[in-house]
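User: Please take me through selected local features of the model displayed below.

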Amino acid sequence: MRHPDINSLHLDILKEIGNIGAAHAATALSNLLNKKIEMRVPKAEMITFNEMVEMMGGAERVVVGIYLRIEGDLEGSMFFILPIEQANRFIQHLIHEEHFDFRTNASDLGMSAMQEMGNILSGSYLSAMSDFLNLNIYPTVPGLSIDMFGAIISIGLIEISQVSDYVIMIDTSILEEGLENTEMKGHFLLLPSPESFDVIFKALGVV
Amino acid sequence: MFTPKSGKIVKVGIAQMDVAKSPDTIRTSGLGSCVGVVLYDETKKIAGLVHVMLPDSSLSRTETINTAKFADTGVKALLDKLLIEGAQKYRLKAKIAGGAQMFQFSSAKEMMRIGPRNVEAVKKVLNELGIPLIAEDTGGNSGRTIEFDPATSKLMIRTVNQGVSEI
């Protein structure tokens, strides 16, 4: 089932939510790392589960994934997805461990720093979103997994799959300044539960 | 002399199913909490694979359902498809993989246990259908890519951390 009531105006509104949330998260990341972080124009799309997986580079692509659930007036899943190389660079920089590598040499300190980074970024994303919508949103403590993208994202699709074969994905990518034209993009993915769209549009006075 | 494999790989996405005959193989990538269920007929060298997301179609809140999405309806639909393709029911066997818990949470909501619940549901329906479960690689907290070869009845399993194994 598609969400028949979602039109292009609605998708623009969802894009704006991605813009506001990710802008705050990108600023937080920039402050944390003392690096310039650029943000790409957000996307909001209604696509099948398999299209979503393909858009993000395929089910088998190994990524660093932070996942948390959103609870309160809105429900849904939020992911912060980083290519391994990019996550390595961020953590090496953050904890001053040149040889830190999520694949081979992941120290407890680095893992914990990644978890904390996820905490800070998703917190700033969601608090900006909460202010914008004037809704109460509570994030759960994030979980961290280094694994295939398909396996990581499936937890966010489970709830949606009970009501739909389509997902509305709000995707904002960020990247380090100077690394344009590379595959080093990070992604903030917001997957609201199907019921939450009405709440979002009502909060903004759109029916 | 090196002889390349003559068959092609039939790819199965999330909440999809398909059938492959030797020399083709059948694969699904990036299983997390989902379960890949393979039903195969060794004599006919034919196999079906369904990528199940949810344990039970009663969880669905839509009128029309994608049968491949649920353990109860998906395994049955795969069985029907295999019978049409010429498999014999009494010869069918099953191998399964997946059902991981990718993230650990202290406040374990029932939805977070979806991996183990999917595995339980698949076993229940296999039991009801009288299809023996020959091997499984389930649980844990790693994603899996699986590929079944109807020629050898082997299920190849690849994870990021533990490399490749066969069941």
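Analyst: A polar contact is a pair of N or O atoms within 3.5 Å; within protein, one must be able to donate a hydrogen and the other to accept it, and residues adjacent in sequence count only if both atoms are side-chain atoms. This is a predicted model, in which local features need pLDDT of at least 70, side-chain atom pairs count only at pLDDT 80 or more, and totals for chains, interfaces and linings use all residues. Residues are numbered from 1 along each chain as its sequence is written, chains are lettered from A and ligands numbered from 1 in the order in which they are written, and side-chain values use heavy atoms, with hydrogens and water left out.

User: With which side chain does the side chain of S29(B) make a polar contact?

Analyst: S29(B) lies in strand β3 (residues 25–31) of chain B; strands are DSSP runs of E, at least two residues, numbered from the N terminus. Beyond residues up to four places away in sequence, S29(B) touches (heavy atoms within 4.5 Å) residues including A59(A), V12(B) and H51(B). The polar partner, at 3.4 Å, is the side chain of E60(A).

User: Which backbone oxygen does the side chain of T172(A) reach?

Analyst: T172(A) belongs to strand β7 (residues 166–176) of chain A. Its relative accessible area is 0%, so T172(A) is buried (under 20%, 1.4 Å probe, protein chains only). Among the contacts of T172(A), leaving aside neighbours within four places in sequence, are N19(A), M39(A) and F188(A). At 3.3 Å, its side chain reaches the backbone oxygen of G18(A).

Notes
Helix = DSSP H or I, 4+ residues; strand = E, 2+ residues; numbered from the N terminus. Buried < 20%, exposed > 50% of the residue type's maximum accessible area, 1.4 Å probe, protein only.
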